[in-house]
Amino acid sequence: MAQAPAILRPEDMTRLANYRFAVQMMAEGWLSGHHRAKGRGSSSDFLEYRAYAPGDDPRLVDWRVYGRTDRLLTRTFEHETHLECHLFVDASASMGYREQGPLSKLEYALHFAACVAWLVVRGHDRVSLQIFDEQLRHFIPPGSTMGHLNRCLSLLERQKAGSKTDLPRALLRSRALLQRPGTLVIISDFLCDYGELLKALHPYLHRGCKVVLVQVLDSAEWELPGQGAARFVDMETGQRVTCNPETLRREYAAAMLARQQGLHALAAARGMIYLSTTTQQSYYPLFDALAR
């Protein structure tokens, strides 16, 4: 995979090659490489016998065992399956913000998404990619080949911050595009209404999808930096507010913490995984958290 586009650095591939993910995550569809599932097929391996039950396929009965023991036993098999990871990357205007980190939120999200895509394909699983703002801007259906990976990486490499955020709307529009349940990895600053977000995620959860929410923020969004009168401009609406950050810093930090705790609580209540980071942090702790 050394020929991957520049968004995936050689040092990333070297370091990520050592990652192995938890069995529970693997069983539920997370970046697991080859997986075993009960079924029947020409390339399947025998798993075990079990007693015949009405409705079982008669072709699975082992008639030689029946002739020796007078017992109807069916054969079960296991075969390799490919699981799917669906990447959703927020490329809205707010993701273009950069104040204190080495990267903008969008650049950070794109690099992280590239690493996830590489891990999925390296494990012989399938990855899809969706880029959104208030609309679904790009969609690449699931695939697992090197050519498919390079197509995903090339698309990530070309992205620029777009218009307003509407994550719930993008999720609702994407639902029909995904044919199979899998693991949704949503990378965003999640500057949206959490009630609407949960409503949009409900159909995915109902289908058995695993959902991972990865919140990316700039450190300045936690601290509200500045002294004296300052003008703040909403990157998505253009609305301007003039205030003294020093007088608002404590209340602002409390409000930001409350929003983060609210998203974390929402994820925990619905069995989703919530991870948060800032653009000043490495994204490897995110993989460490997933490995645990």
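Buried means under 20% relative accessible area, and partly exposed lies between that and the exposed cut-off of over 50%. Keep these words in mind as you look at the close-ups of this predicted model, which holds 8 salt bridges.

**View 1. Arg9 and Asp12 are joined by a salt bridge.** Here the closest N and O atoms are 2.9 Å apart. How exposed are the two partners? Asp12 has a relative accessibility of 1%, so it counts as buried. Arg9 has a relative accessible area of 35%, so Arg9 is partly exposed.

**View 2. Arg9, Glu11 and Asp12 belong to a network.**

**View 3. Lys105 and Asp189 meet in a salt bridge.** The N to O distance is 2.9 Å. Which parts of the chain does this pair link? Lys105 is in helix 4 (residues 105-122), while Asp189 is in the loop between strand 7 (183-188) and helix 7 (194-206). These are distant parts of the chain, as the two residues are 84 residues apart. Lys105 is buried, at 0% relative accessibility, and Asp189 is buried too, at 0%.

**View 4. A salt bridge brings together the side chains of Arg137 and Asp133.** Look for the N to O distance of 3.2 Å.

Definitions and conventions
Residues are numbered from 1 along each chain as its sequence is written. This is a predicted model: local features need pLDDT of at least 70, side-chain atom pairs count only at pLDDT 80 or more; totals for chains, interfaces and linings use all residues. Side-chain values use heavy atoms; hydrogens and water are left out. A salt bridge is a side-chain nitrogen of Lys or Arg within 4 Å of a carboxyl oxygen of Asp or Glu. Buried means under 20% relative accessible area, exposed over 50%, partly exposed in between (1.4 Å probe, protein chains only). Helices (H or I, at least four residues) and strands (E, at least two) are DSSP runs, numbered from the N terminus.
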